[in-house]
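Have the viewer open as you read.

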Amino acid sequence: MKMHYNITINGRVQGVFYRASTQKKAKELGITGGVKNQPDGSVYVEAEGSEDQLNALVEWCKSGPSTAKVDKVAVEKANETKGFDDFEVWR
């Protein structure tokens with residue numbers, strides 16, 4: 001069953017290739033959605049896939065790319081999916 005997670009990552013996560021790395025990992029896992037920087041310095045992810053796929057992405061987000069320093073990962077499970085076709089870096 002396809003699920004939708006909203007994930008917010010806080011720490012040193014901008015300017016360290018976090019978005020591009022998240023896109024690569026999501027595509028490896030077969031996840032659709034997108035990732036973008038937030039004005040407050042966090043990174044926001046909307047991701048859709050199976051619960052196992054999404055949990056694997058959340059675990060990856062806790063460390064991210066080697067240049068990042070993640071302080072906190074918050075996950076919100078949404079009730080509805082949006083039907084994304086791909087995983088994109090949103091500007």
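## The sheet

Strands β1 and β3 run antiparallel and are joined by 7 bridges. In this pairing, Asn6 has Glu46 of β3 as its bridge partner. The model is a predicted one, where local features need pLDDT of at least 70, side-chain atom pairs count only at pLDDT 80 or more, and totals for chains, interfaces and linings use all residues. Residues are numbered from 1 along each chain as its sequence is written, and side-chain values use heavy atoms, with hydrogens and water left out. Strands (E, at least two residues) and helices (H or I, at least four) are DSSP runs numbered from the N terminus, and two strands pair if DSSP finds at least two bridges between them.

What is the strand order of the open sheet? Its 5 strands follow β4-β1-β3-β2-β5, with mixed pairing. At the edges stand β4 (69–78) and β5 (87–89), each with a single partner strand, so one side of each has no neighbour in the sheet. From one strand to the next the twist averages 15°; angles run from 0 to 180 degrees between N-to-C directions, with axes fitted as lines to C-alpha atoms, for helices over the stretch in contact.

## Pairings strand by strand

Strand β2 (residues 32–37) runs antiparallel to β3 (residues 43–49), with 6 bridges between them. Here Val35 stands opposite Val45, and Lys36 opposite Tyr44.

These two strands, β2 and β3, form a hairpin with 5 residues between them, and Gly41 in the turn has a positive phi of about 95°. On its pairing with β5, β2 runs parallel, with 3 bridges; Gly34 has Glu88 as its bridge partner there.

## Helices on the sheet

Helix α1 (residues 18–29) lies across β1 (3–12), β2, β3, β4 and β5, running at about 175° to β5. Helix α2 (residues 51–61) packs on the sheet as well, touching β1, β3 and β4, and its direction makes about 5° with that of β1. Contact here means heavy atoms within 4.5 Å.

How does the span of α1 compare with expectation? At 1.5 Å a residue, its 12 residues should span 16 Å, and the end C-alpha atoms are 16 Å apart, which agrees; the expected span is 1.5 Å times one less than the number of residues. Gly30, with a positive phi near 80°, follows α1.

Which residues of α1 are buried? They are Tyr18, Thr22 and Ala26, where buried means under 20% relative accessible area, exposed over 50% and partly exposed in between (1.4 Å probe, protein chains only).

## Aromatic pairs

Rings of Phe, Tyr and Trp (its six-membered ring) pair if their centres lie within 6.5 Å, with planes under 30 degrees apart counted as stacked, over 60 as edge-to-face and the rest as tilted. By this rule there are 2 aromatic pairs. The rings of Tyr18 and Trp60 have centres 5.6 Å apart and planes at 55°, so this pair is tilted. Because Tyr18 lies in α1 and Trp60 in α2, the pair ties together parts that are 42 residues apart in sequence. Both Tyr18 and Trp60 are buried. For Phe84 and Trp90, the ring centres are 5.9 Å apart and the planes at 50°, so that pair is tilted.
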